[in-house]
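Here are my notes on the model, in numbered points. Have the structure open while you read, and start at the tail end of the chain.

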Amino acid sequence: MSDITDLQGTFTLHNGIEMPYFGLGVYLSKDGQEVIDAVKWALEAGYRHIDTASIYRNEQGVGRGIKESGLNREEVFLVSKVWNADQGYEATLRAFDDSLKRLETDYLDLYLVHWPVAKKYKDTWKALEKLYHDGRIKAIGVSNFLQHHLEDLLQAAEIVPMVNQMEFHPYLVQQALIDFCNKNTIQYEAWSPLMQGHIFDMEEFKGLAKKYNKTIAQIALRWDLQKGVVTIPKSTKKERIIANADIFDFELAEEDIQLLSGMDKGKRFGPDPDNFDF
Ligand code: NAD
């Protein structure tokens, strides 16, 4: 386990870039005031990492929120993703420029291939490599890539992806994929770490929450970090944004990390990377 210190602590990517291991997700946060406020509250609370995507249609609000926070652009780790319809070499270069304009910035900290679109993701990756070489992105990565997608990409890639962002929570651990990523210096990252809200119904969590005197969200998010996994819970409510990040004053015992990992059922709440039609 890497050292987990505070909300601004980082994991080091294989090219030396420091990625804050805790960030704010903004999927389904509405563009305009809702996402502007969420980003501002998060940055005010000490978050330094925001995860958006062009398909979330809220990049404009995210950019505004960062500007209005008063922080310098360099203090925020900003992530976006190229959408499936924009994959391919030229289309990705254009999509990247469009994202930057909406985000009111001239670089990204991390840009991800959102889904492994068959016959396209290798050309998309070439575009990300070019943007990386041109100094317009600090790190490049993928999302929703299973081991066979990664193996296929690695055969053609000049640069090994720095990150793989995957659905990850106690019902979907995919430990073999995490091990594969670790072996290949690809940082694992969790999307839907709170099971899109379903985690709050899980009886198994209630005992642990009581034991540590923490909320279910805090237990789950702390588990992510102790597993060495970057996490980006979503909320638009100020008090939840603050509370979700209050996980640096306790540590889960090894047996409880195992307990949570043992809940794995291979259950997805989102789409299957081997069977999606968008
Ligand atoms: P999540 O697991 O973060 O859960 C969010 C839900 O939990 C929301 O409904 C929110 O209201 C609720 N919630 C948050 N904190 C709470 C609290 N303290 N108490 C009670 N309820 C709480 O789900 P997510 O948004 O799907 O995932 C997080 C982020 O991951 C997204 O916002 C997005 O940035 C990213 N993501 C990426 C992909 C991908 O394909 N790469 C897919 C989905 C999500």
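1. Asp264 is partly exposed, at a relative accessible area of 36%. For the cut-offs, buried means under 20% relative accessible area, exposed over 50%, and partly exposed in between (1.4 Å probe, protein chains only). This is a predicted model: local features need pLDDT of at least 70, side-chain atom pairs count only at pLDDT 80 or more, and totals for chains, interfaces and linings use all residues. Residues are numbered from 1 along each chain as its sequence is written, and side-chain values use heavy atoms, with hydrogens and water left out.

2. Staying with Asp264: you'll find this residue in the segment after helix H10 (254-261). Helices (H or I, at least four residues) and strands (E, at least two) are DSSP runs, numbered from the N terminus. Not counting residues up to four places away in sequence, Asp264 touches Pro170, Tyr171, Leu172, Val173 and Gln174, where contact means heavy atoms within 4.5 Å. As for Asp86, 178 residues away along the chain, its C-alpha atom is separated from that of Asp264 by 34 Å.

3. Now the sheet. Eight strands form an open sheet in the order E3-E4-E5-E6-E7-E8-E9-E10, with parallel pairing. The edges are strand E3 (24-25) and strand E10 (230-231), each of which pairs on one side only. Two strands pair here if DSSP finds at least two bridges between them. In general, strands of a sheet pair through backbone hydrogen bonds, either parallel or antiparallel.

4. Which strand is worth a look for burial? Strand E5 (residues 77-82) is largely enclosed by the rest of the structure, because 6 of its 6 residues are buried. Phe77, Val79 and Lys81 point one way from E5, while Leu78, Ser80 and Val82 point the other way, and all are buried. Note that a lysine is in that set. Strand E4 (residues 49-51) runs parallel to E5 and is joined to it by 3 bridges, with Asp51 opposite Val79.

5. Strand E8 (residues 163-167) is mostly covered too, with 5 of its 5 residues buried. Strand E7 (residues 137-143) pairs with E8 in the parallel sense over 2 bridges, and Val142 has Asn164 in E8 as its bridge partner. E8 also pairs with E9, again parallel, over 5 bridges; there, the partner of Gln165 is Glu189 in E9.

6. Two backbone angles to check. Most residues other than glycine have a negative phi, and most peptide bonds are trans. Asn144 has a positive phi, near 65 degrees, and lies in the loop between E7 and helix H5 (147-156). Is Asn144 buried or exposed? Asn144 counts as buried, at 2% relative accessibility. Gln196 has a positive phi of about 55 degrees although it is not a glycine. Gln196 sits in the loop between strand E9 (187-191) and helix H7 (203-212) and is partly exposed, at 47% relative accessibility.

7. Gln196 comes up again in the pocket list. The largest pocket has a volume of about 870 Å³. Of its 36 lining residues, the closest to its centre are Tyr27, Leu28, Ser192, Gln196 and Lys234. H8 and helix H9 (238-244) are the elements that give two or more residues to this lining, and H9 gives the most, with 3. The lining has 17 nonpolar, 14 polar and 5 charged residues. By class, Ala, Val, Leu, Ile, Met, Phe, Trp, Tyr, Cys and Pro count as nonpolar, Asp, Glu, Lys and Arg as charged, and the others, Gly among them, as polar.

8. How was a pocket defined? On a 1 Å grid over the protein atoms alone, a pocket is an open set of points where a 1.4 Å probe fits, with protein on both sides within 12 Å along at least five of seven lines; lining residues have an atom within 4 Å of a point. Grid points are joined across faces, edges and corners, and a volume is the space filled by probe spheres set on the points.

9. Last, the core. The largest nonpolar core has 87 residues, and those with the most contacts inside it are Phe22, Leu24, Ile50, Val62 and Phe205. Such a core is a set of buried Ala, Val, Leu, Ile, Met, Phe, Trp, Tyr and Cys residues joined through side-chain atoms within 4.5 Å.
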